Amino acid sequence: MAKFRKIGVLASGGDAPGMNAALRAITRKALDEGMEVVGVVGGYSGLIHDEIIPLTPRAVSNIISRGGTFLYSDRCDEFKTEEGMQKAIATCKKHGIEAIVACGGDGTFRGATDLTNRGIPTVGVPCTIDNDITATDYTIGFDSAMNTALKMIDCLRDTCESHARCNVVEVMGRDCGQIALFTALASGAAAAVIPEIPFDEAGTIARIKEMKADGKRGFLVIVSEGVFTEDGKKYGEVLAKKIDAETGIETKFARFAHVVRGGDPTLRDRLTASRMGVRAVELLLEGKSNLVVCEIDGKITDLDINYALIADRNYKNKLKPGDLEKFSAEEVAAMKALAAQRHEEMLDVYRMVAETSK
Ligand code: ADP
């Protein structure tokens, strides 16, 4: 059983509420197991520029309830180069960092694989508000981001109802529409517009007109930021103008943007972050690495990072030539089944949005 003397923790890529709770759990669990722990400041760029700080139990006091990340985060292109990677490895050697737990999204996990392949065993903890890592049912930050969005959508609902208006709201999610879809269902929106499912614009506008004729006053439509018009414009703003013109309902547009990335993590995110953080350290203690901690059917488990990354590309139709060759027929079949399952889960909720907003 491999036991490391010293490990590093870092947060990388887009921040997410609950990252602090994960960093805290990783630090405290590793310290409890008798390891030294250091924090890498500013994600992978901190490894390149040798920004390493010692972490004690007190260093992670009072952060479980805070959004953002106390170690800061960064996007670091230099880390993708061999030269940058070698600088990162040199920093690990200099400080005696024998393993790393990296909190972030799919980009962060690609970096984690590179570190593992160069002799620094690394485990990933999925932190991204978008819930866009196909292999895990849940990523830390998703619930908090949705609750923040929902609070603001509820505010718009009040004023839409008062003034008989429609509000089209754009929420984050890159190429994953889950924040839009779930908040649409939870806010009683008339429709969700997401990249994964073709949107029936004419049908939705007709339905809004029917609901107006039936006496409905306020309308909400939630659009994911990853939906664009054919000529590359953000769809939410375009749709707002169309609804306004075609229904006669005064329609406003709101973009929540990065607001939903901040704020206090919800109980769901604190719990998941704590459980995943502890599990990440346990995996290292078991001598395992190049894994991403996952939540599958309510259980905290783990998957090979390469498998998780390719399963993700398969679901998003972004496979590159040769991607599937490294995997067995059973693994490829499992990826395909997972993609079908994810699509079905989205379709189910999508139908419910229409069925419950009459
Ligand atoms: P996220 O982890 O939230 O998906 P990014 O995609 O920006 O965010 O990735 C975070 C960081 O991970 C990048 O800035 C870079 O330092 C590192 N990274 C991303 N892709 C790779 C890659 N292919 N190889 C090595 N490192 C990568």
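Which helix is the place of Glu355? I looked, and Glu355 sits in helix H11, residues 329–355. Helices here are DSSP runs of H or I with at least four residues, strands are runs of E with at least two, and both are numbered from the N terminus.

**Ground rules**

I'm working with a predicted model, where local features need pLDDT of at least 70, side-chain atom pairs count only at pLDDT 80 or more, and totals for chains, interfaces and linings use all residues. Residues are numbered from 1 along each chain as its sequence is written, and side-chain values use heavy atoms, with hydrogens and water left out.

**Entry: Glu355**

Back to Glu355. I found it exposed, because its relative accessibility is 52%; the scale calls a residue buried under 20% relative accessible area, exposed over 50% and partly exposed in between, with a 1.4 Å probe and protein chains only.

**Entry: the whole chain**

I counted 11 helices and 11 strands in the protein chain. Its radius of gyration is 22 Å, close to the 21 Å from the globule rule for 358 residues, so the chain is as compact as a globular protein of that length. That radius is taken over C-alpha atoms, and the rule is 2.2 Å times the number of residues to the power 0.38.

Along the principal axes, the C-alpha atoms fill a box of roughly 70 × 45 × 35 Å. Of the 358 residues, 55% count as buried. I then looked at contacts, meaning heavy atoms within 4.5 Å. Among those with a separation of 6 or more, 72% come from residues 24 or more positions apart.

The accessible surface comes to about 15300 Å², and carbon and sulfur atoms own 53% of that. Areas come from the Shrake-Rupley method with a 1.4 Å probe, and for residues only the protein chains shown count as cover.

Charges next: I noted 46 positive and 52 negative side chains, with the centres of the two sets 3 Å apart. Lys and Arg count as positive, Asp and Glu as negative, while His and the chain ends are not counted. Each charge is placed at NZ of Lys, CZ of Arg, CG of Asp or CD of Glu.

**Entry: helix H1**

H1 covers residues 19–32, and its 14 residues reach 20 Å from first C-alpha to last, close to the 20 Å expected at 1.5 Å a residue. The expected span is 1.5 Å times one less than the number of residues.

The buried ones include Met19, Leu23, Ile26 and Lys29. They pack against strands S1 (6–11), S2 (36–40), S3 (52–55), S4 (99–104) and S5 (122–126), and against H9. After H1 comes Gly34, with a positive phi near 90°.

**Entry: helix H5**

H5 runs over residues 142–163; it has 22 residues and reaches 31 Å, close to the 32 Å expected at 1.5 Å a residue. Among its buried residues I noted Phe142, Met146, Thr148, Leu156 and Cys160. Their cover includes strands S6 (166–171), S8 (219–224) and S9 (251–255), along with helices H6 (178–187) and H9 (267–285).

I picked out Thr148, which lies in H5. It counts as buried because its relative accessibility is 18%. Leaving aside residues up to four places away in sequence, Thr148 touches Val259, Val260 and Gly262. H5 is followed by Ala164, whose phi is positive, near 50°.

**Entry: Arg217**

What does Arg217 touch, not counting residues up to four places away in sequence? I listed Cys160, Glu161, Ser162, His163, Ala164 and Arg165. Arg217 is in the loop between helix H7 (201–213) and S8, and it is partly exposed, with a relative accessible area of 38%. Leu10 is 207 residues from Arg217 in sequence and 48 Å from it in space, C-alpha to C-alpha.

**Entry: two positive phi values in loops**

Arg174 is not a glycine, but its phi is positive, about 45°. Its place is the loop between S6 and H6, and I have it as partly exposed, at 40% relative accessibility.

Asp297 is not a glycine either, and its positive phi is about 50°. I found it in the loop between strands S10 (291–296) and S11 (299–304). Is Asp297 buried or exposed? Its relative accessible area is 66%, so it is exposed.
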